[in-house]
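Here is a short briefing on one protein chain. Please read it alongside the sequence and the model.

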Amino acid sequence: MKQGIHPEYREVVFQDMQNDFKFVSRSTATTRDTIELNGKTYPLIKLDTSSESHPFYTGAQTRIVETGRVEKFRQKFAAKTEQVNAAAAEAIKAKETTPKQAKAKRK
C-alpha cells in the first residue's frame, strides 16, 4: 500500500443524537469533535438517526393511511361503478321480460 495517499482509518465513536446511543466503529470520516469513552479518547461523529432510533429497525413504523391519489381515484369512481352495475342489472332484467323471451320460456 502506498504511503501518504490514503485517509486515516481509525476507531471512531458514532453517537445517535435522538437517544444518545453510542457505538465504536472504524471509519475514515473526519471530525473536530472528540469524546472519552471507556477511558479512551475517540473522534466523535454525530448522527441524526441510527438503527437504535430509526422506526424501520425499532418496529415503531406505522402504516400510513392511504389517502393518496390512487385511493382518491378509487373513492371517486366507486359510486359510478355501482351505478353502472345497477344499470346493467336492470337492462338484463328488462331483456328477460320481452315478449319474445316470455314465449320462448313457455315452450
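Buried residues make up 14% of the 107 residues in the chain. Buried means under 20% relative accessible area, exposed means over 50%, and partly exposed lies in between (1.4 Å probe, protein chains only). This is a predicted model, where local features need pLDDT of at least 70, side-chain atom pairs count only at pLDDT 80 or more, and totals for chains, interfaces and linings use all residues. Residues are numbered from 1 along each chain as its sequence is written, and side-chain values use heavy atoms, with hydrogens and water left out.

**Overall layout**

- The chain has 3 helices and 4 strands. Helices (H or I, at least four residues) and strands (E, at least two) are DSSP runs, numbered from the N terminus.
- Along the sequence, the pattern reads β-β-β-β-α-α-α.
- Contact means heavy atoms within 4.5 Å. Among contacts between residues at least 6 apart in sequence, 36% join residues at least 24 apart.

**The sheet**

- An open sheet is formed by 4 strands, in the order β2-β1-β4-β3, with mixed pairing. Two strands pair if DSSP finds at least two bridges between them.
- The edge strands are β2 (21-27) and β3 (34-37), and each of them pairs on one side only.
- On average, neighbouring strands of this sheet are turned by 45 degrees against each other, direction ignored. Axes are lines fitted to C-alpha atoms, for helices over the stretch in contact, and angles run from 0 to 180 degrees between N-to-C directions.
- β3 pairs with β4 (residues 40-47) in the antiparallel sense, over 4 bridges.
- Leu-37 has Lys-40 in β4 as its bridge partner.

**Aromatic rings**

- How many aromatic pairs does a search of the whole structure find? The search finds 2.
- Rings of Phe, Tyr and Trp (its six-membered ring) pair if their centres lie within 6.5 Å; planes under 30 degrees apart count as stacked, over 60 as edge-to-face and the rest as tilted.
- Phe-14 and Phe-23 are stacked, at 5.5 Å centre to centre and 20 degrees between the planes. Phe-14 is buried, at 14% relative accessible area. Phe-23 is partly exposed, at 30% relative accessibility.
- Phe-21 and Phe-23 form a tilted pair, at 5.8 Å centre to centre and 35 degrees between the planes. Phe-21 is partly exposed, with a relative accessible area of 28%.

**Gln-15**

- Gln-15 sits in strand β1 (residues 10-16). Is Gln-15 buried or exposed? Gln-15 counts as buried, at 10% relative accessibility.
- Its side chain makes a polar contact with the side chain of Asp-20 (2.4 Å). A polar contact is a pair of N or O atoms within 3.5 Å; within protein, one must be able to donate a hydrogen and the other to accept it, and residues adjacent in sequence count only if both atoms are side-chain atoms.
- Leaving aside neighbours within four places in sequence, the contacts of Gln-15 are Asp-20, Phe-21, Lys-22, Ile-35, Leu-44, Ile-45, Lys-46 and Leu-47.

**Salt bridges**

- Side chains of opposite charge can pair when their charged atoms come close.
- The structure holds 3 salt bridges. A salt bridge is a side-chain nitrogen of Lys or Arg within 4 Å of a carboxyl oxygen of Asp or Glu.
- Glu-11 and Lys-40 meet through their side chains at 3.8 Å, N to O. Glu-11 is partly exposed at 33% relative accessibility, and Lys-40 is partly exposed at 43% relative accessible area.
- Asp-20 and Lys-22 form a salt bridge at 3.5 Å, N to O. Asp-20 is partly exposed at 44% relative accessible area. Lys-22 is partly exposed at 30% relative accessibility.
- Lys-46 and Asp-33 form a salt bridge at 4.0 Å, N to O. Lys-46 lies in strand β4 and Asp-33 in the loop between β2 and β3, so the pair ties together parts that are 13 residues apart in sequence. Lys-46 is partly exposed at 48% relative accessibility, and Asp-33 is partly exposed at 36% relative accessible area.
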